[in-house]
Amino acid sequence: MRVHDPGFAEFMAARWAPLYRTAYLLTGDQHEAEELLQSALAKTCLRWTSIRDRGAADAYVRRAMVHQLASRWRRPWREVATAELPERGHAGGLDVRADHLALWEEIRRLPPRMRATLVLRYVEDLTEEATARELGVSVGSVKSQTHHALKRLRAALPDLETTP
Amino acid sequence: MSPTDLRTSLTSVSEAVPVPAPDLDVLEGRVARARRRRTAVRSAGAAAAVVLVAAGSTLVGDRPDRPQPAEPVVPAVEPAAVPVALDGELAWVGDGVERTGLRVTDVVGTTAAGTVVLGSDGELVRVDGERVTPLADGVRRAFLDGDSVVHQDLDGRIAWTGGSTLPAPEAGDRLVGAGTGRYVVSRGSALYAVDAEGAHRLSYPPSDEPAVLHLPVDVGGDRVAVRADDEVTVFAADGLHSGTVGGGVRLGALAPDGSAYARTGEGGRGLQLLDPRALDAAPVRGPAGRVVDLRWDGTDLLVVASGGHALWRCAEGSDCSELYVDPEAELGL
């Protein structure tokens, strides 16, 4: 299987952008997002012939991205909240509402696993059980990560609580 | 701040981020590298994998107190690499196989600082990437105690890397197992579980026969499991006997949190998960054939099956996928 093979190339062309957006939310960094997605797509390409349900290929790529990120989390000392963002100010260039930007800046500061939990739950619309399976953790851990993430965000952005 | 706020913000950010064009040449290179990493061994093991899956399909069921994992809608993705002993040397198996050349007799386990292994020359080392840090020499056996390592040397001394606040062992104690905040020693003709509260004698063996010194002992959470004569006996940490299960327990391993005891099925074939409290067991779908080694790696169970030629990884002990097959390899955990 090569990346130029018609089936895979078609899939890439159609799904690159939405998958990149997911990768960006998972990593919080554009360069890391591209790296992560390229790596996940390489794995997908190798297994393309075994993916019978091509409609599920998105889920396969997403799972590959999450597994790759999770391999970093397995070493707890690497999972740290980001006090200094690697490309601070970059997100400010996004053309989004100020309150959305402020919230995103705080989400980027969350530990990666916590951020991924929010992305899977609230952007990918996975259930707690499905999120737990994707992350390789228990449902209790998903609940706990979500609870602590929301608590941190509410503490960091008290003004948003009163935003209509 | 509601889930809707989060969803709206994240969606709006993701839609605003500029998307670079895919670089097909870079991707082609990645695919080629990934393909090279997939060893020829994996291909050679494909036929064996089919046999294992077919045999495993007769073993259905799951641990009763955990949610049944849904059938995957897509093929399982290569998980993170796990340390194993492959033909006597430390190797990482995951998205391919990386041999390190480090001769090992035992993979003690993984801590926050790296993977701890016992070398064939009795040197205890920690491996973190390419860095190998010596921890102790002349080590006979070692176990993890959280992120510390408790070990006993050839002279009988028991020590912890980084020290310990647990009551000190007595002279003549033989270290037989350890877990977070607890270790087990063979003292005289009895087994003792030692924790912050002191030493608790385990009522083992149930008869007055002298305890065998070389019993495999596992410590996990507040449980201690002792295996002998194809049976496993589970104790609460205060030494109280919890129960004994037979049925040909050739091998077993207690989860670090004490929530499950993985054991071989009848005749050492297949795998079951035993509830250490209720003592009921459920078969695990996946690993088939003769199981020769088991080790918990956090919440994952690693299983060497098919007589030592196949490595399985079971998330939460029951969601199993095959990592590696090589009919010629000798795998150990």
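Reader: In what order do the elements of chain A run from the N terminus on?
Author: The order is α-α-α-α-α-α-α. Chain A has seven helices and zero strands. Helices (H or I, at least four residues) and strands (E, at least two) are DSSP runs, numbered from the N terminus. This is a predicted model, in which local features need pLDDT of at least 70 and side-chain atom pairs count only at pLDDT 80 or more, while totals for chains, interfaces and linings use all residues. Residues are numbered from 1 along each chain as its sequence is written, chains are lettered from A and ligands numbered from 1 in the order in which they are written, and side-chain values use heavy atoms, with hydrogens and water left out.

Reader: What percentage of the residues in chain A is buried?
Author: Of the 164 residues in chain A, 52% are buried. Buried means under 20% relative accessible area, exposed means over 50%, and partly exposed is in between (1.4 Å probe, protein chains only).

Reader: And what does the accessible surface of chain A come to?
Author: About 7,400 Å², with 49% of that belonging to carbon and sulfur atoms. Accessible areas come from the Shrake-Rupley method with a 1.4 Å probe, and for residues only the protein chains shown count as cover.

Reader: What share of the contacts in chain A with a separation of 6 or more comes from residues 24 or more positions apart?
Author: Such residues account for 63% of those contacts. Contact means heavy atoms within 4.5 Å.

Reader: Aromatics next. How many pairs over all chains?
Author: The search of the whole structure finds four aromatic pairs. One of them is A:F8 with A:F11, whose ring centres are 6.2 Å apart with the planes at 45°, so the pair is tilted. Rings of Phe, Tyr and Trp (its six-membered ring) pair if their centres lie within 6.5 Å; planes under 30 degrees apart count as stacked, over 60 as edge-to-face and the rest as tilted.

Reader: Where do A:F8 and A:F11 sit?
Author: In helix α1 (residues 6–27) of chain A, three residues apart, so about one helical turn separates them. A:F8 counts as buried because its relative accessibility is 0%. A:F11 is also buried, at 10%.
Author: Another pair is A:Y24 with A:W104: the ring centres lie 5.4 Å apart and the planes are at 50°, so this pair is tilted.

Reader: Which parts does the pair of A:Y24 and A:W104 tie together?
Author: A:Y24 is in helix α1 and A:W104 in helix α4 (residues 98–109) of chain A, so the pair ties together parts 80 residues apart in sequence. Both A:Y24 and A:W104 are buried.

Reader: Over to chain B. What does the charged end of B:R187 sit over?
Author: The ring of B:Y192, 4.8 Å from its centre. A charge sits over a ring if NZ of Lys or CZ of Arg is within 6 Å of the ring centre and within 35 degrees of the ring normal.

Reader: How many disulfides over all chains?
Author: The whole-structure search finds one. B:C314 is joined to B:C320, S to S 2.1 Å. A disulfide here is a pair of cysteine sulfur atoms within 2.5 Å.

Reader: Which hand does the disulfide of B:C314 and B:C320 have?
Author: It is right-handed, because the torsion about the S-S bond is about 105°. B:C314 is buried at a relative accessible area of 0%, and B:C320 is buried at 17%.

Reader: Which loop holds B:E316?
Author: The loop between β24 (310–315) and β25 (319–325) of chain B. B:E316 has a positive phi of about 55° although it is not a glycine. Most residues other than glycine have a negative phi.
Author: B:D87 likewise is not a glycine and has a positive phi, of about 50°. B:D87 is in the loop between β1 (82–86) and β2 (89–94) of chain B, and is partly exposed at 32% relative accessibility.

Reader: Last one, B:D153. Buried or exposed?
Author: Buried, at 12% relative accessibility. B:D153 lies in strand β8 (residues 148–153) of chain B. Leaving aside neighbours within four places in sequence, B:D153 is in contact with B:D137, B:G138, B:V139 and B:R140.
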